[in-house]
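This report walks through one protein structure, one topic at a time. Keep the sequence and the model in view as you read.

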Amino acid sequence: DVEKKARLVEKSNAASYPLMSFNALYGQNFGPNDSSNIDEGDWNRQEVWQATINLKWTIFDFGLRKANSEMATLRKLQSQHPRVKTKLELKRSLDEAATKIEMAFDEYRSAETELALTHETVLIEQTRFDNGAIYLNDLLYTKARDQLALSRLITAKYTYQNAHYYLDYLLEQGENK
């Protein structure tokens, strides 16, 4: 559609140049060869050739050429609008996917660090429980926090993979990997 509208712009700009047309005609005339007396003469055929060249150049058209040229340019720009819009939407989606990947990676690193800390806390609390410094409830609470950190790590990993799959979907690379 864009190429078609571009050709219309060229066509409307061509109206500024002279229009030249060429016509050619070949025929055979059957009739008397002597045109002075119709009733006499030889009735043989006679070949007739004719060629014409016409030149038309509009000097003043009250702004019609300019209006047609501007209308064709406007139609060309309107036909480019969907392509530009799609391009911008794809760019926005790619930026969004990259941001999702970065956020998911940061969340994964955070969850990984939290899990390492809760593992150490469980070891410390287990030692304190074995020495009778804390109650069973405190130890179970620490182990529950460790399980929550593990759950958060699994969720963060899933979110990170999901963000990568979304980027592959946008780039149409799903089956290539």
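Predicted model: local features only at pLDDT ≥ 70, side-chain atom pairs only at ≥ 80, totals over all residues.

## Terms and model

Residues are numbered from 1 along each chain as its sequence is written, and side-chain values use heavy atoms, with hydrogens and water left out.

## Overall layout

The protein has three helices and two strands. Helices (H or I, at least four residues) and strands (E, at least two) are DSSP runs, numbered from the N terminus. Along the sequence, the pattern reads α-β-β-α-α.

Buried residues make up 16% of the 177 residues. Contact means heavy atoms within 4.5 Å. Take the contacts between residues at least 6 apart in sequence: 66% of them join residues at least 24 apart.

## Helix α1

Helix α1 covers residues 2–13 and has 12 residues. From its first C-alpha to its last it reaches 17 Å, close to the 16 Å expected at 1.5 Å a residue. The expected span is 1.5 Å times one less than the number of residues in the helix.

Which residues of α1 are buried? They are Val2, Lys5, Val9 and Ser12. These residues cover an arc of only 80° around the axis, so they sit on the same side of α1. The arc is that of the directions from the helix axis to the C-beta atoms. The face turned away from this buried side carries the exposed residues Glu3, Arg7, Glu10 and Lys11.

What covers the buried residues of α1 includes α2. Lys5 lies in α1 and has a relative accessible area of 18%, so Lys5 counts as buried. Leaving out residues up to four places away in sequence, Lys5 touches Ala72, Arg75, Lys76 and Ser79.

## Helix α3

Helix α3 has 35 residues, which should span 51 Å at 1.5 Å a residue. Its end C-alpha atoms are 51 Å apart, which agrees. The buried residues of α3 are Leu139, Thr142, Asp146, Ala149, Leu153, Ala156, Ala163, Asp168 and Leu170. What covers them includes α2. After α3 comes Glu172, whose phi is positive, near 55°.

## The nonpolar core

A nonpolar core is a set of buried Ala, Val, Leu, Ile, Met, Phe, Trp, Tyr and Cys residues joined through side-chain atoms within 4.5 Å. The largest one here has five residues: Ala111, Leu115, Ala149, Leu153 and Ala156. Two elements give two or more residues to this core: α2 (64–130) and α3 (136–170). The largest share, three residues, comes from α3.

Look at Ala111. Apart from its neighbours within four places in sequence, Ala111 is in contact with Ala149, Arg152, Leu153 and Ala156.

Ile101 lies in helix α2. Ile101 is buried, with a relative accessible area of 13%. Ile101 and His164 are 63 residues apart in sequence and 6.5 Å apart in space, C-alpha to C-alpha. Not counting residues up to four places away in sequence, Ile101 touches Tyr160, Ala163, His164 and Leu167.

Gln126 also lies in α2. Gln126 is partly exposed, with a relative accessible area of 25%. Beyond residues up to four places away in sequence, Gln126 touches Leu139 and Lys143. Gln126 and Lys143 are 17 residues apart in sequence and 9.3 Å apart in space, C-alpha to C-alpha.

## Aromatic rings

Rings of Phe, Tyr and Trp (its six-membered ring) pair if their centres lie within 6.5 Å; planes under 30 degrees apart count as stacked, over 60 as edge-to-face and the rest as tilted. By this rule there are two aromatic pairs. In one of them, Phe105 and Tyr160 have ring centres 5.8 Å apart and planes at 50°, so the pair is tilted. This pair links distant parts of the chain: Phe105 is in α2, Tyr160 is in α3, and they are 55 residues apart. Phe105 is partly exposed at 34% relative accessible area. Tyr160 is partly exposed at 25%.

A charge sits over a ring if NZ of Lys or CZ of Arg is within 6 Å of the ring centre and within 35 degrees of the ring normal. Lys100 lies over the face of Tyr166, at 4.8 Å from the ring centre.

Technical notes
Buried < 20%, exposed > 50% of the residue type's maximum accessible area, 1.4 Å probe, protein only.
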